[in-house]
Amino acid sequence: MKNRIFLSLVAVSTLVLMSGCDSSGASNKSSNIDFDANAYSKSILTQEVKDALAYMGNEERLAYDVYMNLYDHHIANGIEIKQLLNISQNAETKHIDIVQQLVRKYQLAEDELSDVSAPVADNTVTQSDMPRGVYDIAKIQELYDELYAKGVDSKKDALEVGCMVEVVDVTDLDEYIQLAQTSEAIDVVDAFNILRDGSYNHYWAFNEGLKNIGVSEGCCSLGDTYCHPEYPQTEKGNGRGNR
């Protein structure tokens, strides 16, 4: 169907403020980021950039879903993990909205997206109606299933899942930002840079969360793949995930 849009691009209300977060991912209203896709001229999107939008829409929704589902699981067992709740509510919803703005701007439909294999919702569905943990890109579905299965075991595992999600985001965004730069899609470049800045901050929030429960190496305890001391840390937040 021409008007059908992949699941990842949930219909959420546009947020005026891009909230910050401290070491628990808590909101910090002094850190504001706004994005308006329609403030940019239209670019000519290559197939690779269209697919990048589809993929990052799914991936950003995965972050929201896995954090919220793990938060709900652990809170039901008397364990509150504030990073999961605050980052999902204060930042991931905004990240999803940013990608959705671009999809609506370019009127992308499922038949234009070569990486979408099993679309399950169109662009009229609101975020509250979206089933958590169900995606239309097989690789994202597999990743979600693996992360959730790990994260339910303990608070430590849940915080480690946060490190893992943010590293995957940064790695993918590094690639997709280059693609968008090559095709001179400036709106996509700027949008993806906002997403990557957020992932840097969230990584440090989860890193500190692990240290606070006695994991002295933080995210680096997971091995070289997830150890990234080179990630930028905000001067104001001292790398506490304040976006």
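Student: Why are α1 and α5 called roughly parallel?

Tutor: In this predicted model, for which local features need pLDDT of at least 70, side-chain atom pairs count only at pLDDT 80 or more, and totals for chains, interfaces and linings use all residues, α1 and α5 pack at an angle of about 30°, with their axes 12 Å apart. Axes are lines fitted to C-alpha atoms, for helices over the stretch in contact, and the angles run from 0 to 180 degrees between N-to-C directions. Angles under 35 degrees count as roughly parallel, over 145 as roughly antiparallel, 65 to 115 as roughly perpendicular and the rest as oblique, and α1 and α5 are therefore roughly parallel to each other. Residues are numbered from 1 along each chain as its sequence is written, and side-chain values use heavy atoms, with hydrogens and water left out.

Student: Which residues make the contact of α1 with α5?

Tutor: With contact meaning heavy atoms within 4.5 Å, α1 contributes Val49, Ala52, Leu53, Met56, Glu60 and Tyr67, while α5 contributes Val188, Phe192, Leu195 and Phe206. By class, the residues of this contact divide into nine nonpolar, no polar and one charged, where Ala, Val, Leu, Ile, Met, Phe, Trp, Tyr, Cys and Pro count as nonpolar, Asp, Glu, Lys and Arg as charged, and the others, Gly among them, as polar.

Student: What makes α4 roughly antiparallel to α5?

Tutor: The helices α4 and α5 pack at an angle of about 160°, with their axes 8 Å apart, and that angle makes α4 roughly antiparallel to α5. The contact of α4 with α5 has 16 nonpolar, seven polar and six charged residues.

Student: Why is aspartate 187 called buried?

Tutor: Buried means under 20% relative accessible area, exposed over 50%, and partly exposed in between (1.4 Å probe, protein chains only); aspartate 187 is at 1% relative accessibility, so it counts as buried. Aspartate 187 lies in helix α5 and, not counting residues up to four places away in sequence, touches Phe35, Tyr40, Ser41, Ser43, Leu102, Lys105 and Tyr106. Between aspartate 187 and leucine 102 there are 85 residues in sequence but 8.1 Å in space, C-alpha to C-alpha.

Student: How do you know that glutamine 107 and glutamate 184 are exposed?

Tutor: Glutamine 107 has a relative accessible area of 64%, and is therefore exposed; glutamate 184, at 61% relative accessibility, also counts as exposed. Glutamine 107 lies in the loop between α2 and α3, and glutamate 184 in the loop between α4 and α5.

Student: What is the phi of each of these two residues?

Tutor: Most residues other than glycine have a negative phi. The phi of glutamine 107 is near 50°, a positive value, and that of glutamate 184 is near 60°, also positive.

Student: What makes a set of residues a nonpolar core, and which residues have the most contacts inside the largest one?

Tutor: A nonpolar core is a set of buried Ala, Val, Leu, Ile, Met, Phe, Trp, Tyr and Cys residues joined through side-chain atoms within 4.5 Å. The largest one here has 60 residues, and Val66, Val188 and Phe192 have the most contacts inside it. Leaving aside neighbours within four places in sequence, valine 188 is in contact with Leu45, Val49, Leu53, Leu102 and Ala180.

Note on methods
Helix = DSSP H or I, 4+ residues; strand = E, 2+ residues; numbered from the N terminus.
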